[in-house]
Amino acid sequence: MQMKGIRQIITRSIYTIHRILGTFLSILFLMWFLSGLVMMYHTFPKVWDKEKLQKTEILDSLLPPIETIAGRIPSDQKIKNIEVSRFLNQTVFRIQTNKQVYLLPANSTEQLQEISHERIYQIAQKWNSSSINRIDTLHELDQWTPFEELKKELPFIKFYFSDNEKHELYISSRTGEVLQYTTQKERFWSWMGAIPHWVYFTSLRQDQALWTKSIIFLSVLGIIMTLAGLYVGIHAYIQCRKNKCSFKSPYKKRWYWLHHITGLIFGLFVLTWIFSGMMSVTETPNWIIKKKEHYPIEKILEGDGIRPELYTLDYREVISLLSGTIKKIEWGRFHDKPLYHIVTTSKKITLDASSNKILPLNLKEKEITKAIESIHGKGSTKTTFLKEYDTYYLAKSGHLPLPVYKLEIADADNSCYYVNPKNGQYRYYNNRKRWDFWLYKGMHGLTFQFLVTRPLLRLTVLWILMLGGTVVSVSGVVLGARYVIRKIRRLNLRKQKKLNK
């Protein structure tokens with residue numbers, strides 16, 4: 001009898017937890033599901049690199065040797081990256097060292113163009129030639145620039161254009177960098193989707209730590225509520241079976257019946273989405289899986305700095321050969337091979353800079369294996385030539401290129417590399433990163449190879465599950481509202497009885 005009494009107390013407590021948390025959280029869950037449906041088609045607006053490159057101008061070959069440019073950097077600093085592009089009639093080299101970033105005009109007699117009101121206006125007209133309705137100076141972050149890291153760019157100059165799409169453009173008054181560019185349509189769908197789904201409200205999102213803690217706190221409450229709900233649903237069904245009511249729900253009232261049935265069917269999916277949503281803002285705990293070794297991957301595969309003297313192919317020859325098409329050149333490396341990453345008016349290409357001939361990069365299996373073995377040791381690598389996506393090398397939008405080399409390492413972390421032979425770019429996975437994948441991307445977006453390679457099927461499954469979660473949430477909102485109304489009525493009755501006494 002004592003154990004039975006304890007079980008009854010626990011069961012009543014779980015029912016109470018689900019009822020109370022559900023009353024307050026069902027609206028939040030409903031918002032997440034409805035906004036999640038929108039986010040399948042629309043995301044939060046941002047300035048994409050592709051848009052920025054469209055605004056840059058064509059490079060010409062009348063430029064100094066790269067050694068001359070590099071010579072303008074203090075000799076005690078190591079060059080990590082070099083890029084060159086042209087904007088508003090000035091060619092500028094962007095050189096990142098181990099200490100800071102340098103912006104150097106190609107012509108050493110020139111100064112960087114001052115970030116004046118006139119220049120900011122020129123930048124705005126470069127992005128949108130329509131007439132301007134209004135210009136504001138913003139000294140605080142707003143809804144379309146809510147990120148804490150942008151505070152250093154304040155104040156912003158915001159342009160409102162009179163074109164059909166009602167574009168709004170944000171430019172940093174300190175650097176002239178374009179920070180945001182939105183249309184009226186994007187802003188509308190963001191309010192329907194990304195803003196409520198990601199809780200991108202400026203007052204909260206501008207404090208990264210507070211925003212992260214809030215998401216985790218709400219998610220933990222949601223997990224507790226959902227687990228309690230699953231227990232309640234299963235317990236109610238078991239009690240019904242004991243009373244020989246077959247497979248029917250014990251609830252007769254419409255909203256209780258609907259919430260019970262849909263909760264049992266879709267509750268597990270709701271739980272995985274809430275948990276994986278929480279994992280999007282945090283990392284897999286070390287007590288689940290810990291990285292056992294630390295490998296100098298970036299240092300070996302990308303090189304320990306850019307040394308211009310190793311680039312046999314002169315970048316100016318590349319510009320001359322592809323005259324009138326090149327918008328940007330970035331110096332790079334794969335292991336011991338120097339590379340040029342080129343952006344033209346129509347495509348991206350990577351050239352082998354170790355030869356004086358202009359050749360597209362085509363890394364051989366031996367070169368890639370040698371690079372990986374320099375990290376993990378010889379004889380530890382199994383290499384496969386992938387022509388199709390696999391579990392950890394796949395993309396919903398299909399933007400990841402194929403074929404690639406897959407290199408599996410027999411080490412304590414089960415390391416694995418995917419290397420693109422055409423540009424030297426790579427992806428690295430180990431046991432911890434696999435956990436990260438499944439706990440967030442795998443569960444939250446149903447990013448499974450079987451579904452990703454069948455987009456229509458994946459979309460159908462997502463719609464069914466999201467609509468199921470929506471019905472669970474709607475019925476929860478109705479039941480929660482009725483629960484609150486009952487409580488208020490009871491309180492009013494008690495007050496009335498006291499007054500009558």
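These are my notebook entries on one predicted model, taken in the order in which I looked things up.

**Entry 1: the chain as a whole**

I began with the overall make-up of the predicted chain, and I counted 15 helices and 15 strands in its secondary structure. I then took the extent of the C-alpha trace along its principal axes, which comes to about 95 × 65 × 40 Å. Of the 501 residues in the chain, 46% are buried. I noted an accessible surface of about 28,400 Å², with 57% of that area belonging to carbon and sulfur atoms. For the contacts with a separation of 6 or more, I looked up the share held by residues 24 or more positions apart, and it is 61%. Last, I compared the charges: there are 72 positive and 42 negative ones, and their mean positions lie 19 Å apart.

**Entry 2: the open sheet**

I next traced an open sheet of 7 strands, whose order I wrote down as β3-β2-β1-β8-β9-β10-β11, with antiparallel pairing. At its edges I found β3 (101–105) and β11 (359–360), each of which pairs on one side only.

**Entry 3: β9 and its two partners**

I followed β9 in more detail, starting with β8 (residues 326–334), which pairs with β9 (residues 337–344) in the antiparallel sense over 8 bridges. Within this pairing I located I329, and its bridge partner in β9 is I342. The hairpin of β8 and β9 has 2 residues between the strands, and I noted that H335 takes a positive phi near 60° there. Turning to the other partner, I found that β9 pairs with β10 (residues 348–352) over 5 bridges, again in the antiparallel sense. Here V343 stands opposite K348 of β10, and the hairpin that β9 and β10 form has 3 residues between the strands.

I then asked myself how many residues of β9 are buried. The count is 8 of the 8, so β9 is largely enclosed by the rest of the structure. In a regular strand the side chains alternate between the two faces of the sheet. I checked the directions in β9 and saw K337, L339, H341 and V343 pointing one way, with P338, Y340, I342 and T344 pointing the other way, and all of them are buried.

**Entry 4: the nonpolar cores**

I turned to the question of which residues have the most contacts inside the largest nonpolar core. That core has 43 residues, and I listed F29, F44, F156 and W211 as the ones with the most contacts inside it. At least two residues of this core come from each of α1 (2–39), α6 (194–197), α8 (208–242), α9 (254–279) and α15 (455–500), and the largest share, 8 residues, is supplied by α1. I looked up the surroundings of F29 and, not counting residues up to four places away in sequence, found it touching G222, M225, T226, V270, I274 and S473. I also recorded a second, separate core of 27 residues, which includes L63, A70, I95 and A353.

Leaving aside neighbours within four places in sequence, I found T183 in contact with E165, K166 and H167.

Notes: Residues are numbered from 1 along each chain as its sequence is written. This is a predicted model: local features need pLDDT of at least 70, side-chain atom pairs count only at pLDDT 80 or more; totals for chains, interfaces and linings use all residues. Side-chain values use heavy atoms; hydrogens and water are left out. Helices (H or I, at least four residues) and strands (E, at least two) are DSSP runs, numbered from the N terminus. Buried means under 20% relative accessible area, exposed over 50%, partly exposed in between (1.4 Å probe, protein chains only). Contact means heavy atoms within 4.5 Å. Accessible areas come from the Shrake-Rupley method with a 1.4 Å probe; for residues, only the protein chains shown count as cover. Lys and Arg count as positive and Asp and Glu as negative; His and the chain ends are not counted. The place of a charge is taken as NZ of Lys, CZ of Arg, CG of Asp or CD of Glu. Two strands pair if DSSP finds at least two bridges between them. A nonpolar core is a set of buried Ala, Val, Leu, Ile, Met, Phe, Trp, Tyr and Cys residues joined through side-chain atoms within 4.5 Å.
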